Amino acid sequence: MDQFLTNYYKLLSSLSLAMDFSFHGLLRHHQRVALMALQIGKLYGLSQQQMETLFTAAILHDAGSSTWEEKGQIFKFDVISSANHCIKGYELFNGHLLFNSIAEVILSHHDRWDGKNNISGLQRQEIPIESRIIHLADRVDVLIRDNLYILQQANPICQIINQQSGKLFDPLLVEAFTDLSKRECFWLDLHSEFITDILQHHCPLASKKLGLSEVIAIAETMAKVIDFKSPFTMKHSRGVAKTSNLLGKLAGLDEDECSILTVAGLLHDLGKLGIPDAILNKPGKLTDYEFRIIKRHTYYTYHILHMVNGFEQINHYASCHHETLNGTGYPFKLDRSDLKLGARIVAVADIFTALTEDRPYRPAMDKKLVINILRKQARIGAIDPDLTSLLLDHYEEAIYNQNIN
């Protein structure tokens, strides 16, 4: 689809917001680290190519950490072990169509300058310069407290960072950070309501465009991040994407439209990164309160994808997967007059995938039971009856399609 283009910066900075939900709310950690890293990198004299690698790695550096428990550990300045999320991040990006160049950077982004206990086995200048910069910016950010005026925190933070020069951090980078820290705007930008626009101003890739195939590659990576969040849904997003694509083809949609359905399926649960682990991982019935919390995930999906240029169609398909034809769904209470074909397809695909995939607390449901549940949902006006019948007519093909790599 030649006419489908979106902005690289907007897509990555928006998706990174989904990774910044924690016990303490939306932290904007990735944006703040990227902003600091780019300014340090520029002052240090990195090349254009290094700056591009630095931005991409910084805006995605904690992709290997999806659960709030993991984030709680690495958001402590004196984190004892950060190996797990560094390794998972490396595995996410190694060999990736767009992100292969940042895999080694991600693996080493918590490496100490002195080499002590580094999982990479590297030390000092052996550590990629982008990793060294991200490590410094990352540790600065975890020292910042949102409930204190930012300029009041500058001197104490600088003291802590300087104490770790030559141990945790590259001394030359500490010098660059110290120079930057003398500028009030450096600190004010980190607490600014306008940080997204400020970061875009510094981003060396602000005008880069992506086509549909590149967006799919990014969405596939984000789907893994989403599904890392809970052992109950380890392949759910990819299953919904595959089923949505198949159902789109069966409904007569062209290849580009089916590709858009794939992206929507991959990202439909993006907002679940903003839901507490304990609720997502509860194997039993949710309480009314817990279910109300779950309902936030489609709202989050909508507003994150709303920030991305050209994603209007993808956003509608993805964020409306719990809306119903009879208007009783959530979060917008849309009905059949509002829901486009793509949104109806993802809704059917989501239920089908959830019923037919193995979960830790139960195996995939029996075919007869799946058919009965889907037909009942269609009968009460929750999902599209024609699309439901079409998918059920190709039941075995859909199951096979879900299981192929």
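Contact means heavy atoms within 4.5 Å. Helices (H or I, at least four residues) are DSSP runs, numbered from the N terminus. The legends describe a predicted model, in which local features need pLDDT of at least 70, side-chain atom pairs count only at pLDDT 80 or more, and totals for chains, interfaces and linings use all residues. Residues are numbered from 1 along each chain as its sequence is written, and side-chain values use heavy atoms, with hydrogens and water left out.

**View 1. Helices α7 and α8 in contact.**
Leu136, Val140 and Leu143 of α7 meet Gln153, Ile157, Ile160 and Ile161 of α8. Six of the contact residues are nonpolar, one is polar and none is charged. In this count, Ala, Val, Leu, Ile, Met, Phe, Trp, Tyr, Cys and Pro are nonpolar, Asp, Glu, Lys and Arg are charged, and the others, Gly among them, are polar. The axes of α7 and α8 (residues 150–163) come within 10 Å and cross at roughly 135°. That angle makes α7 oblique to α8. Angles under 35 degrees count as roughly parallel, over 145 as roughly antiparallel, 65 to 115 as roughly perpendicular and the rest as oblique. Axes are lines fitted to C-alpha atoms, for helices over the stretch in contact, and angles run from 0 to 180 degrees between N-to-C directions. The α7 and α8 crossing is right-handed; a crossing is right-handed if the near helix is turned clockwise from the far one by less than a right angle, and left-handed if anticlockwise.

**View 2. Arginine 132 in helix α7.**
Helix α7 spans residues 129–143 and includes arginine 132. With 11% relative accessibility, arginine 132 counts as buried. Buried means under 20% relative accessible area, exposed over 50%, and partly exposed in between (1.4 Å probe, protein chains only). The side chains of arginine 132 and aspartate 170 make a polar contact at 2.7 Å. A polar contact is a pair of N or O atoms within 3.5 Å; within protein, one must be able to donate a hydrogen and the other to accept it, and residues adjacent in sequence count only if both atoms are side-chain atoms. Not counting residues up to four places away in sequence, arginine 132 touches Tyr44, Trp113, Arg124, Gln125, Ile127, Asp170 and Leu173.

**View 3. Helices α14 and α18 packed together.**
The axes of α14 (residues 255–267) and α18 (residues 312–319) are 8 Å apart, at an angle of about 50°. Helix α14 is therefore oblique to α18. Their crossing is right-handed. From α14, Glu257, Ile260, Leu261, Val263, Ala264 and Leu267 meet Gln313, Ile314, Tyr317 and Ala318 from α18. This contact holds eight nonpolar residues, one polar and one charged.

**View 4. Asparagine 315 in helix α18.**
Asparagine 315 is buried, its relative accessible area being 3%. Apart from neighbours within four places in sequence, asparagine 315 is in contact with Thr301, Tyr302, Leu305, His306 and Cys320.

**View 5. Threonine 298 in helix α17.**
Helix α17 runs over residues 296–305. Threonine 298 has 0% relative accessibility and counts as buried. Leaving aside neighbours within four places in sequence, threonine 298 is in contact with Ser319, His321, His322, Tyr330 and Pro331. Serine 319 is 21 residues from threonine 298 in sequence, and their C-alpha atoms are 5.1 Å apart.

**View 6. Glutamate 397 in helix α22.**
Helix α22 covers residues 395–403. Glutamate 397 is partly exposed, with a relative accessible area of 39%.

How values were computed
Helices (H or I, at least four residues) and strands (E, at least two) are DSSP runs, numbered from the N terminus.
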